[in-house]
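Work through the exercises below with the sequence and the model at hand. Each task is followed by a solution in steps.

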Amino acid sequence: MPDEDWNDDGREDRWSRKRDRLARLLSVASILYTRGSGENGVAVSEIAELTGMTTRTVYRDIKALDEELGMPIFTAGRGRYGIEKKSFLPPLPLSLAEAIVLFLATRLIARWSDEYDQAVVSAFTKLADLLPQPIARHVAATMLTVGRAGPNEPFTRNFAHVAQAWADGRVVEFEYEPSDGDARRARVRPYFLEPDAGSHNVYLIAFDETVDAMRTYKVERIRTSTVTADRYEIPEDFDPDAWLAHSWGIWSAESGVDEVVLRFDASAAQRVRESVWHRSQRLSDLEDGRIELAVTVAGIVEIRLWILSWGDAVEVVAPPALREAVARMVRRAADRYAG
C-alpha cells in the first residue's frame, strides 16, 4: 500500500519535503541571527545540537542560506558562522491590530503571486509568531499555499538586487527585455517600487542614466542584474504619489493626460458608486438611473481592459480614440462568437 504522503504523481511528497527544508532553513537562520551575530559567530556543532541535525546537514543548509537565499552569512573560522545583523531591520513592536494589517497585506501578495517567493514565506513565518491562534493557523495554511507554487529564482534574485540598491542608494545595472523590441542594458537609480494589483506585477520607478530620463520598469522583465558601488541620492522633490497621480495602473503622466468619460447603465450604477476607482474621479447622476464617471488619467491603454470588464453595462463617451479602440475590441470579440 503506498505511503499516505504520496499521491499518484508524488507531488504531495515533494511539497512535504519542501516544507521540511523550509522549516529547517528558517531554524538555522534564526540561530545564526540570535547566537551568531557577534564576531565569533556560532559553532556548527552547536547548531546541530540545537536542531537535532547532523553537522553535515547544517553545513549544507548554511550554504543554501548564503547561495540560494542571499543571506549575509559570514565565516568566523574553525566551523563558526554568523549573520550580519546590520542587514536586517530591527524588531517592530506591533500591536495585534497592526500585525493583522500586515497579515492582510501579505495575503494580497500571496493571492496574486503565481510563483514561489521566499520573502513572502519568510514574512508569513515571522508574522505567525506575533498572532494568536486560530489566526496563526491561517498564516501557516497560506504559507503552504505559497510554497506549492514553482520558484522563480531570476525574479527573486533581481527583486532582491533592486530592493537592496534602493535601500542603500546604489546604482543598479541590469539587462531588460521589454514586451516589444530587443533586450537592452540599463544603468538606473531606483527611486521607488510600486505593485500593480491589476497586472499582478511589481514595477521599478527609476532614473535611467543610460537614456538620461525617468523610466518605469517591470521587475519581472529584468533578466540579469548587478548592484554597483556607485552612490546616488533621490531628489528631495521626487514624490511617488505625485508621479503616479494620473496613472490608472502604473503609467505616469510623462506623455500627457486624457479626460475619460464613461456612462454606466442603471444596473451597474450602484457598483460604480460603491468604490473610489481613481483619485480624480467625478460622478454625475443621469436620467433613468444611469451614472457618468469622469477621470483624468495618463494615457488610455491601461484603462481599456477595466472598461471591457464591465461588458455591455458601460459606454465610452470620451476621448474619441478610446471610444474607437474599445469599439474595435468589442467588434472583434463579437465576430468570434458570430454564428
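**Exercise 1.** Decide whether aspartate 208 is buried or exposed, then find its charged partner.

Step 1. Aspartate 208 has 0% relative accessibility and therefore counts as buried; buried means under 20% relative accessible area, exposed over 50%, and partly exposed in between (1.4 Å probe, protein chains only).

Step 2. The side chain of aspartate 208 meets that of arginine 184 in a salt bridge, at 2.8 Å from N to O. A salt bridge is a side-chain nitrogen of Lys or Arg within 4 Å of a carboxyl oxygen of Asp or Glu.

Step 3. This pair links distant parts of the chain, with arginine 184 in strand β5 and aspartate 208 in strand β6 (residues 201-208), 24 residues apart. Strands (E, at least two residues) and helices (H or I, at least four) are DSSP runs, numbered from the N terminus.

Step 4. Arginine 184, at 28% relative accessibility, is partly exposed.

The model is predicted: local features need pLDDT of at least 70 and side-chain atom pairs count only at pLDDT 80 or more, while totals for chains, interfaces and linings use all residues. Residues are numbered from 1 along each chain as its sequence is written, and side-chain values use heavy atoms, leaving out hydrogens and water.

**Exercise 2.** Identify the salt-bridge partners of arginine 187 and the network they belong to.

Step 1. Glutamate 173 forms a salt bridge with arginine 187, and the closest N and O atoms are 2.8 Å apart. Arginine 187 lies in strand β5 (residues 184-196) and glutamate 173 in strand β4 (residues 170-176), so the pair ties together parts 14 residues apart in sequence.

Step 2. Arginine 187 also meets aspartate 230 in a salt bridge of 2.5 Å, N to O. Here strand β5 is linked to strand β8, across 43 residues.

Step 3. Salt bridges that share partners join Glu173, Arg187, Arg189, Glu209 and Asp230 into one network.

Step 4. For accessibility, arginine 187 is at 23%, glutamate 173 at 25% and aspartate 230 at 35%. Each of these values falls in the partly exposed class.

Step 5. The structure holds 12 salt bridges.

**Exercise 3.** Describe the surroundings of serine 225.

Step 1. Serine 225 sits in strand β8 (residues 222-231) and is buried, at 9% relative accessibility.

Step 2. Its side chain has a polar contact of 2.6 Å with the side chain of asparagine 158 and another of 2.7 Å with that of histidine 161. A polar contact is a pair of N or O atoms within 3.5 Å; within protein, one must be able to donate a hydrogen and the other to accept it, and residues adjacent in sequence count only if both atoms are side-chain atoms.

Step 3. Leaving aside neighbours within four places in sequence, serine 225 is in contact (heavy atoms within 4.5 Å) with Asn158, His161, Val172, Glu173 and Phe174.

**Exercise 4.** Which side chain of opposite charge is nearest to lysine 218?

Step 1. Lysine 218 belongs to strand β7 (residues 213-218).

Step 2. The nearest side chain of opposite charge is that of glutamate 220, 5.7 Å away. In this count Lys and Arg are positive and Asp and Glu negative, with His and the chain ends not counted.

Step 3. Lysine 218 is buried and has no salt bridge.

Step 4. Not counting residues up to four places away in sequence, lysine 218 touches Tyr176, Asn201, Val202 and Tyr203.
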